[in-house]
Amino acid sequence: MTTDAAGLGKARASAFVLPALALIAVFLIFPALWTIYLGLTDYRLTGLAAAQPRLVGVDNYTGALADTRFHTSLWLTVLFVGGSAIAGQAVLGFTIAWILRSRRGPVRRLVEGVVLLSWILPSSVVAFLWIALLDRSGGTLNALLGTPGFAWLLDYPMLSIIVFNTWRGTAFSMMLYSAALENVPPSHLETARLAGASVPQQLRDVVFPLLRRHILTNLLLISLWTFNDFTPFLLTAGGPEGRSEILPVYVYNVALRGGSLGAGAAISFLILLINLIMALAYLRLLRGRRRSQEAAAGGPPA
Amino acid sequence: MISLRDLTKTFPGGVRALDGIDLTIGDGEFFALLGPSGCGKTTLLRTIAGLETPTTGTIAINTTDVTTRQPGERDVAMVFQDYAIFPHMSVADNIAYPLRIKKIAKAERLAKAREVATRLSLGDLLERRPSQLSGGQQQRVALARAIACHPTAFLFDEPLSNLDARLRLEARTFLKRLQRELAVTTVFVTHDQAEALALADRIAVMDHGRMIQVGTPAEIFQRPATPFVASFIGSTPMNLLPGKVTGGALHVAGAVLPAGALPDGSEILYGMRPEYADLALDEREDGFPGTVAVLENLGTATLVTLEARDRLIQVLVPEGDEPPIGSRAWAVPRQRRALLYADDTLVG
C-alpha cells in the first residue's frame, strides 16, 4: 500500500503545497508570533514608546490578568456568547428549523429569506438599522411600544447586543440544523410517536442523539465567531461605562483608543489562547463521542 | 378488530390516496394490503396508525372510535420497512423503548425486553448496538419492540422487503408462525403478491386508492375479480387475450372455445394462467397456436413463450417437456380454470 496516491513524489508534492504554506505563514503564523512579541513590549500608538518600544517582559500579561476591567470584559463576553450564540442563535435556529422541517412553499421560503437577509447584510448597515430601531428619540421600537424616550442602548446595553447578535446570526444555525434534520429518518420519529412520545421526548430520544455531531460543530463555530465578534461596538462602543465592553471591543479600546498597543497585543494573545482552549474542548467532546461509538461497534460482527 | 368506514384521504394538491375505503378486519386476523406502488396501501396503513389524518370517514379499533386520536393513544405498534431502530441505543433499550415512554420501571421493562428477545432468538444480543446486527436480526429487533408493548394491533409496512431473497422466505415462515402464536390482529402492506398469498388470512388488492377485491388468498388467486387483480396476482403474469362470441362459440387468439351462456356478439377478455395450460405440439382447435420463442428455466418447470400473430402467450411446462425453439405449438387452457372478463368484471 502506497501513501503517494497521486504519484507526484515528495519534491513535486511539496512544491504544490508550498504556496499555501507560504500564505499561511505570512498571514497567520507571522502575525500571531508578532502579537506575542508586541505583547512583551511597551509599544504605543504615539509618543516615545512608538518609536523605540522597550521589552517589558510579561508585565502586560500579568497586568491584564490582574485588571478588573479585563475580568469584567471576559465575563461580559461569556454572557454575550452564552446569551446570543448558544441560547440565542443555536436554540432559535434549531427551533425554526424544527418548525419548518415538514413545511414547503411560501411560508418556508419567506422565513428562510428574512432570516438569511439578516445574515448577509453588511455589519455597518445592520448596525445602522438597529440604532434606528433602538434610538432613544424617534426609535422605531419606542414608537411601537409606546415608550417614548426610553434609552435601550443605555439602560440595557448587554441585552441589546445579545438580541442584536441573535437576530443577526440565527441564519447559520437554522440552515445547518435544517440540513441535519433532513437526515433524521421520518420512521424513527414516527416510531417514537407511536410509542406515545411527546415532542420533548422525541427530541431527547431520537433527534438530539442523531444530531449530536452537528450540534457540537455548530456550537464550536458560532461560539468562536461570537467570542471574536466586533460588530456590537457599532451599537454601544462598549459603553455605557464599559457595561457592554466585550473582549474584542476591550482590545480595541485599549490598543487603539488608549494607544497601548503592547497591552492590546497581550490581551489579543490571551483571547487567542481562550479560543484555542474552547476549540480543543469541543474537539475533545466530538472525539470522545466518536471513540465511544467505535468502542461499541468494535465487537465481533454478528 | 379494526373497522374502517368510508375512509377518504386527499393530499394537498388534489391527489386522492384513499377513496371510500370500507373494511372490517377481524380479531387475530392476518390481513394484507396488496397493490402496486402508489395504490394507497401505505397511506391506508399510516391512516390506521394515526400518522395521516383521513379527510373523511372513521377508524375504530375494538369498537372505540380512534379517528381523532394521536398515534400514541391508539395502542398499535408499527414495524417500518427500514426497521427504525435507534442507533444510539442497545438492543435491550430499543425493545424496551415503548415501555420506557409508558413509564414502566427500568428493571421491569428490561425483564420484559429480555423475555421477548429470547422468544425471537435475540437473547444473546441484548447489549449489542444495532450497527452490529445483521439485517435479519435488525428486523427481529423491530418486531420485538412492537411485541413488547402488547398492542391491540400490529401494523407492518413492507417488513420483509429489505431482506435478501433467501432470508425473506425464512422470515416469512417465522412471521406467520409468530402471528399465529400471538393471535394479535395484524395489518401488513406489501407489493409482493407471493408474500401476501403466503402470509395473509385475507388480502385486499388496492389500486388508485380503492379496494378492488377483498378475499382469502385462494379466492383472490382462483377468482380474481378484475383483469387488474388477475394480472397482479400470480408469480407468472396471466395471459389476457381479447376474444368475441360468434355463432355460439368463443373465438380467442386462433382458438375456438365453448362460449357457455355468453350471448352472441359479446366482447370478452380471456384470462389463462401459464400454470393452468398445457402445451400441445399437434394442432388443436381449443388451443392457442404460436411459435416457441423463449424458454425460461424456473427450476422445476419451464416458462414457454409462444409468439402468436400479434401477441405473446406464456405456458408453464414441467421440466423435461420443453419444446424446441422455433417449433409450432398450441397452448391448451385447462377446463374450468379459465377466467372470462367483460367490461372489467368477471363473467365466467
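## Strand pairing in chain B

In strand 19 of chain B, B:Val332 is the bridge partner of B:Asp278. Strand 15 of chain B and strand 19 (residues 328–333) of chain B pair in the antiparallel sense over four bridges; strands pair if DSSP finds at least two bridges between them. Helices (H or I, at least four residues) and strands (E, at least two) are DSSP runs, numbered from the N terminus.

The model is predicted: local features need pLDDT of at least 70, side-chain atom pairs count only at pLDDT 80 or more, and totals for chains, interfaces and linings use all residues. Residues are numbered from 1 along each chain as its sequence is written, and chains are lettered from A and ligands numbered from 1 in the order in which they are written.

## The open sheet

Five strands of chain B form an open sheet in the order 15-19-16-17-18, with antiparallel pairing. Strand 15 (277–280) and strand 18 (312–318) of chain B stand at the edges, each with a single partner strand, so one side of each is left without a neighbour in the sheet.

## Contact between chains A and B

Chain A gives 19 residues to the contact and chain B gives 24 residues, where two residues are in contact if their C-beta atoms, placed from the backbone, lie within 7 Å. On the side of chain A that touches chain B, the elements that give two or more residues are helix 10 (186–195), helix 11 (199–227) and helix 14 (261–297) of chain A. Helix 10 of chain A provides the largest share of that side, seven residues.
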